[in-house]
Amino acid sequence: MRQTLLLALIGLLIINSPLLIPTQASTPLSCPVDRSHLIDRLGGRWFLVGANVPWLNGGYGADFATVEEWNQHTYDPDTTRAMFRALRQKGANTVRWWLFADGRGTPEFDAKSGGAVTGLDANFLPGLASAIQIAAEEDIYLVFNLWSFDMLMADSTIYERGEHAGGHRDLIVDPVKRASFINNALLPMLRYPVGSSSYTIGTHPHVLAWDIFNEPEFGIDDPPHFTPAHNIAQPVTLAQMQRFIAEISGAIHRNSNQLTTVGSASMKWNSTGALGASGNFWNDTALTAYDPQGYLDFYQIHYYGWMNGDETYWSYSPLFNDWYEGRFDKPVVIGEVPANAGGTNRTPTQLMAELHANCYAGVWVWPYFNVNDGTGQWSDAASAVQAIADTVPAEVRLTATILSPRVYIPLALR
């Protein structure tokens with residue numbers, strides 16, 4: 001997330017080298033002919049392209065939930081439809097939309113700080129189902145982000161960020177409270193019906209994937225590879241974060257037919273091959289040690305200018321390190337890039353084209369709505385998305401090529 005970039009520069013770079021902007025992307029080998037570097041879903045393999053929605057109408061953590069202290073609930077079906085339609089008209093196919101964030105709106109807790117989850121507020125599931133219905137009508141696929149490292153900030157007050165914002169370390173480290181989230185929030189969400197269809201949220205084809213945690217690395221205190229962001233008052237260890245992600249991913253795999261991922265802050269922590277990277281801490285071995293079904297279906301890394309590096313000792317840029325050079329064992333979506341391509345020494349169109357040529361599985365620009373952080377907004381990237389959609393329509397235009405399992409076709413009588 002853009003707000004972490006300066007923190008990353010100050011506290012997370014372990015090599016004191018001058019920052020350079022990548023001037024020339026490496027030229028990769030041809031991407032796999034079988035398209036195994038793309039996202040496997042709906043009977044095909046796809047390049048995901050679209051935008052991040054950290055909040056709708058200015059309501060962080062209040063899009064589907066309600067921040068009761070401020071009576072803030074910002075979900076609006078008309079705004080949602082207009083957004084989906086604008087994306088689709090330019091060829092976009094996906095939206096990464098944030099749900100719980102720091103916990104200020106939902107789920108519901110039995111205490112202000114460190115409490116167990118008791119359920120979801122009354123607005124949450126109906127609003128989520130409405131957004132999914134509209135996505136299906138507008139032919140947009142959704143990736144819902146559950147949590148962000150903000151949940152590990154200090155417990156807040158009504159007058160700061162909201163009574164339940166932050167202070168949720170126990171949700172990660174306490175097995176009883178982890179189970180309360182899974183049983184009282186996650187599973188009811190997956191099982192909730194979507195409109196008059198026979199789908200639930202957990203089986204709906206337009207819910208593509210679940211992004212379990214946004215930039216978990218900024219909430220981890222585990223030297224030598226992890227130093228928490230300065231505003232993280234309740235950090236966890238790497239093992240604790242891995243267990244949390246694995247148990248959530250396992251629960252999703254057992255109770256839905258959808259994919260899982262994690263929004264890694266940088267390929268620094270999600271690659272064994274990138275120049276100067278620390279390793280891949282979200283691989284199958286690291287996660288399935290805690291839950292046999294706790295693996296991720298695809299990786300997701302974020303890219304901002306601070307990751308460019310000196311290109312001699314380190315660079316975490318996906319422009320400098322292609323998919324092969326990163327030694328990734330799964331498809332990789334670039335889950336956040338500045339919509340205006342700021343800090344990349346590229347135009348948005350060049351940025352999109354090079355990331356595709358480097359065999360990545362998609363790009364979600366940050367953000368759709370301008371959040372005044374210097375990264376721009378959807379209108380800055382719209383023509384770039386249109387260009388990539390026009391260039392590789394067979395990879396971008398998601399269409400189901402297999403029958404839905406809910407369709408019953410009787411055997412013909414002889």
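**Helix packing, a disulfide and model confidence**

Helix α8 passes α9 in a right-handed crossing (the near helix is turned clockwise from the far one by less than a right angle). The model is a predicted one, in which local features need pLDDT of at least 70 and side-chain atom pairs count only at pLDDT 80 or more, while totals for chains, interfaces and linings use all residues. Residues are numbered from 1 along each chain as its sequence is written, and side-chain values use heavy atoms, with hydrogens and water left out.

Helix α8 covers residues 348–357 and α9 residues 378–391; the two pack at about 40°, with their axes 8 Å apart. This makes α8 oblique to α9 (angles under 35 degrees count as roughly parallel, over 145 as roughly antiparallel, 65 to 115 as roughly perpendicular and the rest as oblique). On the α8 side, Pro348, Thr349, Met352, Ala353 and His356 meet residues of α9 including Asp380, Val385 and Ile388. By class, the contact of α8 with α9 has eight nonpolar, three polar and one charged residues.

A disulfide (cysteine sulfur atoms within 2.5 Å) joins Cys31 to Cys359, with an S to S distance of 2.0 Å. The torsion about the S-S bond of Cys31 and Cys359 is about -95°, so this disulfide is left-handed. Cys31 lies in the loop between α1 and β1 and Cys359 in the loop between α8 and β14, so the pair ties together parts 328 residues apart in sequence.

The mean pLDDT of the protein chain (the predictor's confidence in each residue, from 0 to 100) is 90. Over residues 402–414, however, the pLDDT is below 50. Where pLDDT is low, the predicted coordinates should not be read in detail.

Definitions and conventions: Axes fitted to C-alpha atoms, helices over the stretch in contact; angles between N-to-C directions. Helix = DSSP H or I, 4+ residues; strand = E, 2+ residues; numbered from the N terminus. Contact = heavy atoms within 4.5 Å. Nonpolar A, V, L, I, M, F, W, Y, C, P; charged D, E, K, R; others polar.
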